Amino acid sequence: MKFGKLLKETTEGMPEMEDLFLRYKELKKHLKAMKKAQPQVQADAAAQEEEQQEEASTSGNQEQAESRLSAEETAFVNTLNEDLQRFNRFFIDKEEDSVIKLQALSDRIKAATAPEDLQALKAELVDFHGEMVLLLHWSLLNYAAVVKILKKHDKRSGLLLRAPYLANVLQQPFYSTSIMSRLVKNAEEHINSLVVKQQQAASPQTPPPATAAAAGVEADEAADLAAAEVERAATPPPAAAAAAAPAGLATPTQPAAAAAAVARAESPPPMA
């Protein structure tokens, strides 16, 4: 797939950022309006490109290159410069807002304890992380677009603008993504900490020592009551014990007088 088509599809998939991508198609129109360099000029330009890359570390080299531009090439560079300025304004504002937003989320995480609050914070952090990753891709894609269009420019015009211009692009805010990369990492760390807090909130709490001791006492008392019930069930009531005992034997509940009466009734009468 050609880069122009890839850039167009990406732009269409992100309508909220449609005007924040390089005007690649318009820049190509400026290139077509330029006079095409002769083959020998292109060969000389290719031989000089490596030397220019070494000398393109200062913005003065870019100014020297731009001073030799034709009217068509000037229109091309002006369009490119306008796009870079738009990139920088958007990126700086977004970077500042993102730093403030993550700090606010961090403060809320420290105070959150309820499960519903933790879940809501995690959802916000996931969205924030996605936005930061999207901005990093946006920065790299626009840089790649600048590289591609400058390569086409040098091939078309024979003027080696790419090396000095890219040296300037590398110093632009929209390409300096170190803060954004750190925000992405911090968001990932906050998400992981929220997952841990959610797991701790969902797990059953271990009772404190006093509660555990009380539970042990209650268990001992319950065991004693159960043993007493078993013993009580095994002991027959007094009436049943009396019925089951053989005649002449006193049950544990019979009084001594009753036992003596039984003995006298069973003894033979005295001889006359």
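Modeller: Start with the contacts in the chain, meaning heavy atoms within 4.5 Å. Among those between residues at least 6 apart in sequence, 78% join residues at least 24 apart.

Biologist: What kind of model is it, and how are residues numbered?
Modeller: This is a predicted model, where local features need pLDDT of at least 70, side-chain atom pairs count only at pLDDT 80 or more, and totals for chains, interfaces and linings use all residues. Residues are numbered from 1 along each chain as its sequence is written, and side-chain values use heavy atoms, with hydrogens and water left out.

Biologist: How many helices and strands does the chain have?
Modeller: The chain has 11 helices and zero strands. Helices (H or I, at least four residues) and strands (E, at least two) are DSSP runs, numbered from the N terminus. Along the sequence, the pattern reads α-α-α-α-α-α-α-α-α-α-α.

Biologist: What share of the residues is buried?
Modeller: Buried residues are 30% of the 272 in the chain. Buried means under 20% relative accessible area, exposed means over 50%, and partly exposed is in between (1.4 Å probe, protein chains only).

Biologist: And the accessible surface of the chain, what does that come to?
Modeller: About 17,400 Å², with 57% belonging to carbon and sulfur atoms. The areas come from the Shrake-Rupley method with a 1.4 Å probe; for residues, only the protein chains shown count as cover.

Biologist: Let's go inside. Is Leu27 buried or exposed?
Modeller: Leu27 is buried, because its relative accessible area is 0%. Its place is in helix H2.

Biologist: Which residues does Leu27 touch?
Modeller: Leaving out residues up to four places away in sequence, Leu27 touches Leu22, Phe76, Thr79, Leu80 and Ile149. Take Phe76: Leu27 and Phe76 are 49 residues apart in sequence, but 6.0 Å apart in space, C-alpha to C-alpha.

Biologist: What about Leu102?
Modeller: Leu102 is in helix H5. With a relative accessible area of 6%, Leu102 is buried. Not counting residues up to four places away in sequence, Leu102 touches Leu125, Phe128, Leu183, Asn186 and His190. The C-alpha atoms of Leu102 and Leu125 are separated by 8.3 Å, and these two are 23 residues apart along the chain.

Biologist: Why does Gln198 count as buried?
Modeller: Because its relative accessible area is 17%. Gln198 sits in helix H8 (residues 178-202). Its contacts, not counting residues up to four places away in sequence, are Leu118, Gln119 and Lys122.

Biologist: New topic. How many salt bridges are there?
Modeller: A search of the whole structure finds five. A salt bridge is a side-chain nitrogen of Lys or Arg within 4 Å of a carboxyl oxygen of Asp or Glu.

Biologist: Which residue meets Glu82 in a salt bridge?
Modeller: Arg23, at 3.0 Å, N to O. That pair links distant parts of the chain: Glu82 is in helix H5 (residues 71-111), while Arg23 is in the loop between H1 and H2, 59 residues apart. Arg23 is partly exposed at 27% relative accessible area, and Glu82 is partly exposed at 43%.

Biologist: What about Arg23 and Glu26?
Modeller: Their side chains also meet in a salt bridge, at 3.8 Å, N to O. Glu26 is partly exposed, with a relative accessible area of 33%.

Biologist: And Arg86 with Asp83?
Modeller: Their side chains meet in a salt bridge at 2.6 Å, N to O. Both lie in helix H5, three residues apart, about one turn of the helix. Salt bridges with shared partners join Arg23, Glu26, Glu82, Asp83 and Arg86 into one network.

Biologist: Where does positive charge gather on the surface?
Modeller: In a patch of Lys2, Lys5, Lys8, Lys25, Lys28, Lys29, Lys32, Lys36, Lys148, Lys151, Lys152 and Lys155. Helix H1 (3-12), helix H2 (24-33) and helix H6 (115-157) each give two or more residues to the positive patch.

Biologist: How do you define a patch?
Modeller: Patches use residues with over 30% relative accessible area and no salt bridge; like charges are joined within 9 Å, nonpolar side chains (Val, Leu, Ile, Met, Phe, Trp, Tyr) within 5 Å. Lys and Arg count as positive, Asp and Glu as negative; His and the chain ends are not counted. The place of a charge is NZ of Lys, CZ of Arg, CG of Asp or CD of Glu.

Biologist: Is Lys29 buried or exposed?
Modeller: Exposed, at 55% relative accessibility. Lys29 lies in helix H2.

Biologist: Which residues form the negative patch?
Modeller: Glu9, Glu12, Glu18 and Asp19. Glu9 lies in helix H1 and is partly exposed, with a relative accessible area of 38%.
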